[in-house]
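Please look over the sequence and the structure below before reading on. The notes after them are grouped by topic.

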Amino acid sequence: MPRTTRGLASIPKLRELRKQRPHESPSAKLWGFVVLGLIIAVTLHTALTRRSLGQQKSAILGRQRALAATIGPRWESVRSLLVETAINAAKDPWMGDFVSPSLRTRSWRSEQAVFLRLGSSEATSPQGVFDAAKFSPRDSFLSCLRAPPGALGSDRLTRFHRMQESFAVTRLLDPSWVEDVQSADDELRLKVFHEQLAGATTEALNTAVTLVETAKSVLLVIDEVPGNLPADAGRVEDVQRSPHGLRVLLVDRGTRMHLARIRVEPSVSLVPGGEGRVSDEESLAAIERQAIGCSAARLFDTALDAALAAP
């Protein structure tokens with residue numbers, strides 16, 4: 001009796017039939033369906049993504065409009081002083097030094113004040129002033145400025161509010177912020193705006209605006225940048241480390257009147273030390289900027305005192 005093949009006898013037969021069957025390429029019609037399916041899938045994904053982005057933008061801008069409606073007018077009022085004063089101070093020609101006699105009886109060194117320093121090439125437009133404020137550091141000009149009577153250590157600087165702090169919080173109140181949100185084309189970019197909006201609470205915005213509203217004076221320092229140089233922060237920092245002119249203005253915040261307007265030209269020569277001398281270029285540049293800034297503050301104090309002492 002013949003033995004029966006164990007297992008699935010049909011499998012070898014199917015393999016043999018496949019070998020004998022001619023190879024068939026996918027038809028053009030099949031490829032058309034595949035391409036059409038991909039196009040539909042991509043179109044659907046794009047539409048859903050755009051819809052999601054649109055919904056997120058609407059939510060962000062809705063919250064922004066609510067904040068702008070309540071705090072925006074107050075912020076616009078106080079920031080316009082900084083912007084207009086900076087732009088006018090950077091214009092040529094220099095209007096000449098001036099010190100108001102009212103400073104003889106005014107304790108301006110003890111008053112709450114706002115501080116802003118930027119290059120003349122940056123103070124050409126409101127947006128330029130806003131951008132420059134991000135890089136207005138806690139530099140040596142304030143540290144070397146004569147302190148109010150009785151102030152010691154860090155107390156000598158507590159009366160100054162640096163404008164970059166308020167500009168950073170109120171960034172979303174600017175029309176340019178709204179334009180950036182509207183032009184965002186991916187969720188990662190919108191996430192940044194979500195975070196900025198989350199940080200700019202009503203309390204934070206109120207504080208940022210109130211600190212400027214309650215200040216009695218504005219101390220503005222303009223570094224004169226040659227007109228042929230580009231207006232970027234790196235270039236301004238290069239100018240700040242070398243001898244150049246600085247325009248220093250003390251302005252009454254309430255009346256917008258100039259209390260003092262003095263131009264100084266500090267020139268400092270650093271003498272290299274021994275083994276501990278700085279060789280790193282970045283550190284050397286920082287030291288030179290600090291030396292120039294400190295010298296400018298001393299010159300401002302000296303010129304101001306001389307003007308007030310004159311009959």
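**Briefing on a predicted model**

Six strands form an open sheet with mixed pairing, in the order β1-β6-β5-β4-β2-β3. The edges are held by β1 (98–99) and β3 (160–162), each with a single partner strand, so one side of each has no neighbour in the sheet. Strands pair here if DSSP finds at least two bridges between them. Strands (E, at least two residues) and helices (H or I, at least four) are DSSP runs, numbered from the N terminus.

The model is predicted: local features need pLDDT of at least 70 and side-chain atom pairs count only at pLDDT 80 or more, while totals for chains, interfaces and linings use all residues. Residues are numbered from 1 along each chain as its sequence is written, and side-chain values use heavy atoms, with hydrogens and water left out.

**The chain as a whole**

- The protein chain contains 10 helices and six strands.
- Of its 311 residues, 38% are buried; buried means under 20% relative accessible area, exposed means over 50%, and partly exposed lies in between (1.4 Å probe, protein chains only).
- The protein chain exposes about 18300 Å², and carbon and sulfur atoms supply 57% of that area. Accessible areas come from the Shrake-Rupley method with a 1.4 Å probe, and for residues only the protein chains shown count as cover.
- Among contacts between residues at least 6 apart in sequence, 79% join residues at least 24 apart; a contact means heavy atoms within 4.5 Å.

**Strand pairs in the sheet**

- β1 and β6 pair in the antiparallel sense over two bridges, and V99 stands opposite A260 in β6.
- β5 and β6 run antiparallel and are joined by six bridges. R247 has R263 in β6 as its bridge partner.
- β5 and β6 also form a hairpin, with five residues between them. R256, in the turn, has a positive phi of about 65°.
- β2 (residues 113–119) runs parallel to β3, and three bridges join the two. A113 stands opposite F160 in β3.
- β6 is mostly covered, since five of its seven residues are buried.
- In a regular strand, side chains alternate between the two faces of the sheet.

**Helices**

- Helix α10 (residues 281–309) lies across β1, β2, β5 (246–252) and β6 (258–264), and runs at about 125° to β6. Axes are lines fitted to C-alpha atoms, for helices over the stretch in contact, and angles run from 0 to 180 degrees between N-to-C directions.
- Helix α8 (residues 202–213) has 12 residues and reaches 16 Å from its first C-alpha to its last, close to the 16 Å expected at 1.5 Å a residue. The expected span is 1.5 Å times one less than the number of residues.
- The buried residues of α8 are L205, A208, V209 and V212. Seen down the axis of α8, they fall within an arc of 90°, so they line one face of the helix; the arc is that of the directions from the helix axis to the C-beta atoms.
- An α-helix has 3.6 residues a turn, so residues three or four places apart point the same way.

- S242 is found in the loop between α9 (233–240) and β5. S242 counts as partly exposed, at 28% relative accessibility.
- S242 and I292 are 50 residues apart along the chain, and their C-alpha atoms are separated by 7.2 Å.
- A66 is found in helix α2 (residues 28–90) and is partly exposed, with a relative accessible area of 45%.
- A66 and T202 are 136 residues apart in sequence and 10.0 Å apart in space, C-alpha to C-alpha.
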